[in-house]
Structure formats: C-alpha cells, structure tokens
Amino acid sequence: MKKLNVAIIGQGRSGKDIHGAYFVSKRNVYFNVKYVVDLDDYRRKISLKRYPGCEVFKDYRELFKKKDIDVVINASYSDLHYAISKELIMHGLNVVVEKPLAKSTKECQELIDLAKKKKVFINAFQQTFYAPYYDDVIRIMKHDKIGKILEVSIRYNSLSRRWDWQTLQKRVGGNAYNTGPHPIGIALGVLDFDPKLKLVYSKMVHTLMSAGDYDDYCKLIISAPNRPVVDIEINNTDAFNNYNLRMIGTRGTYQTNIMNYDIKYINPNENVKRVPIGTFIEDKDKNPCFCSEKLITHEEHGTYNGNAIDVGTALFYKDLYLALTKKQKMRVTPEIAMKVIQIIEQAHKDNPIKRRF
Ligand SMILES: NC(=O)c1ccc[n+]([C@@H]2O[C@H](COP(=O)([O-])OP(=O)(O)OC[C@H]3O[C@@H](n4cnc5c(N)ncnc54)[C@H](O)[C@@H]3O)[C@@H](O)[C@H]2O)c1
C-alpha cells in the first residue's frame with residue numbers, strides 16, 4: 001500500500017500529541033510525515049528527530065512550492081483555521097482542519113465551496129465520531145435496549161482553571177469553540193443528523209474563575225421534534241461531575257465516563273403488571289405506605305477498547321486514506337462540522353460575553 005505524504009502545521013498538543021502521536025505509532029500504515037511547519041524553533045528542531053526524513057518550515061507558505069503533498073493537517077491556533085485553510089485550498093492542496101472548522105457558518109461554507117471549485121478535499125478533524133463509546137451509544141439507541149431515548153446528557157465538566165490562548169475570544173477560544181465540537185458532534189449523531197434539530201436553549205458565562213474572556217460555563221440544549229433532548233455542559237466550575245454521557249430511556253439508563261460504561265434496565269413483561277390505584281395505598285399491616293417493590297432489573301458493565309484520541313484518531317485516518325485514495329465518503333463531513341459551528345455561533349450570539357482582550 002502506497003503511503004500518502006502529509007504536512008502538519010502546528011506541533012502543539014494537537015499537531016504533536018494527537019496527529020503526530022498517531023503518525024509515529026504502529027497503527028499508522030497509511031501516512032508519511034513529509035513536512036512540518038511551526039513558528040517555534042524548538043518545536044521545529046525536535047520534529048526533525050520525531051519524523052525521520054521530514055523537512056521543517058517556519059512559514060506554511062513554503063508548502064505551496066512542494067508538489068508531493070497529499071494532504072495538509074492544519075493544527076494551528078483556532079483563529080487561523082479559516083485563513084490558512086483558504087490559502088492551502090487556493091494552492092490546490094487537500095486539507096484536514098482541526099476543530100473548529102472555522103469561526104462562522106459563512107466561513108465554513110466558503111471553505112467547502114472553494115474546495116469544490118478547486119477540486120480538492122477538505123474536512124474537519126472531529127475524531128469523537130470514531131470513538132468506541134460513540135459507536136456504542138448509537139448501537140444502544142438503535143437496538144432499543146433501554147427503551148426509547150428521552151434524554152442524553154453530555155458533560156465535559158471539571159473544577160479547573162485555564163490561562164492559555166484557548167481562554168481568549170479573539171483566538172476563537174472558549175469552551176464552546178474548543179471542547180464544544182466533540183459533544184455537539186455527538187448530539188448531532190444521537191439526533192440522527194435530523195435537519196430540524198436546533199439549539200433550544202443556551203447559557204454561556206465567563207465566571208472569572210479562569211483567565212481570559214471565554215465561556216468557562218457553557219450550557220447548550222439541542223433537540224428536534226420527536227427526538228431526545230440533548231443537554232450539554234462544558235463547565236470549569238463543576239467539582240462533582242462523574243460521567244461524560246448519560247442516556248435516559250423509557251426502560252433504563254446508560255452512563256459512561258468515555259472508557260467505562262454501566263447500563264441498568266428492565267425488560268417489558270418480566271415484572272408484575274401494575275394498574276393505577278385511585279385511592280390510598282397501605283402495607284400488609286394496614287399502615288399508609290409508598291409504592292415499593294423489588295423490580296427485576298438487568299445490569300451490564302464494561303470497558304471500551306480505546307477512546308477518541310487513540311482509536312478515534314486511527315479510525316479517522318483510515319477513513320481519510322480511503323476518502324483520498326478511493327473517493328469514499330467519510331463518517332465525518334465538512335457539512336457536519338459546519339452544523340456544529342452554526343450551533344456554537346448561535347449560542348455566542350444569544351450570550352454575548354464582553355471581550356476583554
Ligand atoms: N481534536 C482534538 O481533540 C483537539 C485537541 C487539542 C487541540 N485541538 C485543536 O488543535 C488546534 C491547536 O491546538 P493545540 O492545543 O495544539 O495548541 P498549542 O498551543 O498546543 O499548539 C499550537 C501550535 O501551533 C503553532 N502555530 C500556530 N500558528 C501557526 C502558524 N501560523 N504557522 C505555524 N505554526 C503555527 C504554534 O507555534 C504551536 O506550536 C486548535 O484549533 C485546537 O482547537 C483539537
């Protein structure tokens with residue numbers, strides 16, 4: 001199998017520790033890191049060792065002179081995603097952009113249209129769609145295991161502070177733009193990408209707990225007619241959160257912290273049929289009492305074989321390889337990434353936070 005040549009822009013937590021970590025791993029049989037771009041001297045220097053045979057540049061425009069690049073990974077700061085991706089597309093290069101795809105729906109649409117016009121590939125890196133737990137959530141929903149799903153709660157919460165560029169609105173930072181694409185993407189999936197889905201409620205606040213001027217409290221409620229309500233929180237002031245995703249169905253509950261999961265449910269017809277009693281209830285000694293019974297329930301517990309970063313990244317890149325070499329449609333599309341941005345854009349519009357920087 002012929003490996004494709006990759007150029008990575010940015011060698012930070014994403015470019016080095018997610019994309020780079022995959023490229024240097026045994027899982028990678030598809031791509032060869034040919035060029036690395038970073039503004040930082042040290043990050044360029046260590047890249048020479050990390051990706052044997054690669055060439056490094058300070059300016060991504062050096063890539064425009066190269067004729068052997070199959071795809072560029074744009075893992076630069078979020079406020080640069082649109083402008084850099086646009087230039088790459090203009091120069092006929094295929095692009096994978098880290099999330100967020102861009103700041104606005106308008107920018108996303110522009111990139112998608114331009115890529116079509118220039119006959120090049122564009123997509124967003126939203127690897128959560130390939131995480132084992134995401135597959136399981138969709139499977140449980142489809143197989144009716146806990147009944148019809150009424151509600152999905154997604155929590156990316158902790159009691160923690162930040163002070164990096166992701167705390168700045170001018171850098172397109174903040175919980176919605178930064179972490180949001182993961183849970184919002186999952187929300188779109190559990191709502192089966194229903195064209196009628198919309199942001200029903202949002203609340204975004206800069207709590208002053210963190211530095212910067214970003215939404216360190218972000219609450220989003222998304223739904224569509226006859227679909228579950230999806231309740232998302234990305235909150236830096238929640239000290240007691242113990243799950244990442246919880247689904248409440250008509251017969252039970254599923255919960256996961258991304259790696260481990262628990263399910264508890266009842267099967268129809270296994271328990272005594274109950275009919276409503278229109279007067280008081282009494283116990284066997286004729287004392288007033290509350291409804292009480294021993295339900296027959298079923299429980300399952302397990303651990304997933306990987307997460308969005310390891311397995312998710314590897315599956316994204318396999319999907320990307322097939323898209324680039326065989327023109328196959330990927331599980332994640334730029335249109336899905338644009339829908340994510342539409343929701344974030346709306347939430348920001350509804351909750352303006354004063355810019356301080
Ligand atoms: N998909 C995920 O799970 C995930 C995780 C982390 C970050 N990200 C995304 O990745 C992007 C980068 O975030 P990060 O955490 O890696 O940031 P970072 O601060 O750790 O690193 C950013 C790197 O990009 C380099 N850079 C920035 N602008 C550049 C330019 N114009 N030319 C060359 N190099 C440039 C910087 O020098 C730095 O080394 C962000 O958009 C972020 O949202 C995604």
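**Entry 1: two helices**

I started with the crossing of α5 and α7, which is right-handed; a crossing counts as right-handed if the near helix is turned clockwise from the far one by less than a right angle, and left-handed if anticlockwise. The model is predicted; local features need pLDDT of at least 70, side-chain atom pairs count only at pLDDT 80 or more, and totals for chains, interfaces and linings use all residues. I number residues from 1 along each chain as its sequence is written.

I looked up who makes the contact: Y134, V137, I138 and M141 on α5, with I186, G189 and V190 on α7. Contact here means C-beta atoms, placed from the backbone, within 7 Å. By class I noted 6 nonpolar, 1 polar and no charged residues. Ala, Val, Leu, Ile, Met, Phe, Trp, Tyr, Cys and Pro count as nonpolar, Asp, Glu, Lys and Arg as charged, and the others, Gly among them, as polar.

Next I took the geometry. Helix α5 (residues 132-142) packs with helix α7 (residues 181-190) at about 25°, axes 10 Å apart. Axes are lines fitted to C-alpha atoms, for helices over the stretch in contact, and angles run from 0 to 180 degrees between N-to-C directions. That makes the two helices, α5 and α7, roughly parallel, a term for angles under 35 degrees. Helices (H or I, at least four residues) and strands (E, at least two) are DSSP runs, numbered from the N terminus.

**Entry 2: the 8-strand sheet**

I traced an open sheet of 8 strands in the order β8-β9-β10-β7-β11-β12-β13-β14, with mixed pairing. Strands pair if DSSP finds at least two bridges between them. Neighbouring strands are turned by 10° on average, direction ignored.

Inside this sheet I checked β7 (residues 149-155) against β11 (residues 245-249): they run antiparallel, joined by 5 bridges. V152 has M247 in β11 as its bridge partner. Helix α5 packs on the sheet, touching β7, β11, β12 (252-256) and β13 (260-265), and its direction makes about 5° with that of β11. Helix α9 (residues 334-350) lies across β8 and β9 (217-223), at about 55° to β8.

**Entry 3: the 6-strand sheet**

I found an open sheet of 6 strands, ordered β3-β2-β1-β4-β5-β6, with parallel pairing. Its edges are β3 (55-57) and β6 (122-125). Strands β1 (residues 4-9) and β4 (residues 71-74) run parallel, joined by 4 bridges. V6 stands opposite V71 in β4.

Notes:
Parallel < 35°, antiparallel > 145°, perpendicular 65-115°, else oblique. Contact = placed C-beta atoms within 7 Å.
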